[in-house]
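Take a look at the chain below.

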Amino acid sequence: MKESAEITILPYCWLTVCKSFFKRYPNPYASHVLSEDTVHREIKDGKFLNRRIFCKTTATSLPNWLEKLVKKPQALILEEAIVDLYAKRLISLTKNLEHKKLVIASETTEYIPSYFDPNKTVMTRRTIVRSPLKGLTGRMIEKICHVGAIRNAKQAVQGFLYVLARDNGRTPRGQDIAFS
């Protein structure tokens with residue numbers, strides 16, 4: 001199993017981030033996202049719950065031996081998002097719905113207002129990748145998918161910043177973004 005975590009400071013207030021979160025696609029950094037469908041929405045106990053399914057294609061090329069194991073280069077991804085306006089917290093949980101015999105990938109992303117600056121939002125992303133396959137093959141799949149997940153996460157942040165800037169009439173600057 002491979003795990004990683006990163007913290008990003010977004011140069012927008014939490015409510016602005018929440019509004020743009022559901023409009024992340026399309027953007028020029030996400031050409032691998034083929035479609036998105038909202039399958040469930042509800043307000044329960046003061047929280048907004050939203051469930052979407054994305055169809056994505058492989059953003060990077062796979063090694064030849066892994067391409068033979070992956071029958072189709074597209075995958076369905078489930079995203080469940082919970083917005084708690086009272087606690088000022090947005091949590092997004094994503095996981096793959098396909099290729100589970102090869103890899104199980106999940107990502108939890110939390111957005112909260114910055115304690116130090118209410119005009120900024122702290123985004124914490126945790127990624128877990130594991131393969132049910134044993135031995136070298138499983139470890140190689142985990143490594144390849146984990147490296148890809150980290151690369152894609154950084155690209156996703158750039159895409160989200162593009163959408164935030166577009167929605168708010170701003171242009172993001174590299175110095176406004178902090179990664180850890």
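**The chain as a whole**

The model is predicted. Its chain holds three helices and eight strands. Starting at the N terminus, the order of elements is β-α-β-β-α-β-β-β-β-α-β. The chain has 180 residues, and 37% of them count as buried. The exposed surface comes to about 10500 Å². Carbon and sulfur atoms supply 56% of that surface.

**A covered helix**

Helix H1 covers residues 14-21. Six of its eight residues are buried, which leaves H1 mostly covered. The buried ones are Trp14, Thr16, Val17, Cys18, Ser20 and Phe21.

The largest nonpolar core has 16 residues. Leu10, Val17, Leu90, Tyr111 and Phe160 have the most contacts inside it. Helix H1, strand S4 (74-84) and helix H3 (135-168) each supply at least two residues of this core. The largest share, five residues, comes from H3. Another core lies apart from it and has six residues, among them Tyr25, Val33, Phe54 and Ala75.

Now follow Tyr111. Beyond its neighbours within four places in sequence, Tyr111 is in contact with residues including Leu10, Trp14, Val17 and Phe21. Its contacts also include Lys88, Arg89, Leu90, Thr121, Val122, Met123 and Phe160.

**Ser131 in its loop**

Where is Ser131 placed? Ser131 is in the loop between strand S7 (121-130) and H3. The side chain of Ser131 reaches the backbone oxygen of Leu102 at 2.6 Å. A polar atom of that side chain also lies 3.1 Å from the backbone nitrogen of Leu133. Leaving aside neighbours within four places in sequence, Ser131 is in contact with Leu102, Val103, Gly138, Ile141 and Glu142.

| Residue | Relative accessible area | Class |
|---|---|---|
| Ser131 | 8% | buried |
| Cys55 | 15% | buried |
| Cys145 | 25% | partly exposed |

The cut-off for buried is under 20% relative accessible area. Cys55 has 15%, so Cys55 counts as buried. Cys145 has 25%, so Cys145 is partly exposed. Ser131 counts as buried because its relative accessibility is 8%.

How many disulfides does the count give? The count comes to zero disulfides.

Notes:
Residues numbered from 1 in each chain as written. Predicted model: local features only at pLDDT ≥ 70, side-chain atom pairs only at ≥ 80, totals over all residues. Heavy atoms only, no water. Buried < 20%, exposed > 50% of the residue type's maximum accessible area, 1.4 Å probe, protein only. Helix = DSSP H or I, 4+ residues; strand = E, 2+ residues; numbered from the N terminus. Core = buried A, V, L, I, M, F, W, Y, C linked by side-chain atoms within 4.5 Å. Contact = heavy atoms within 4.5 Å. Disulfide = S-S within 2.5 Å. Areas by Shrake-Rupley, 256 points an atom, 1.4 Å probe, with all protein chains shown as cover. Polar contact = N/O pair within 3.5 Å; in protein donor to acceptor, adjacent residues only side chain to side chain.
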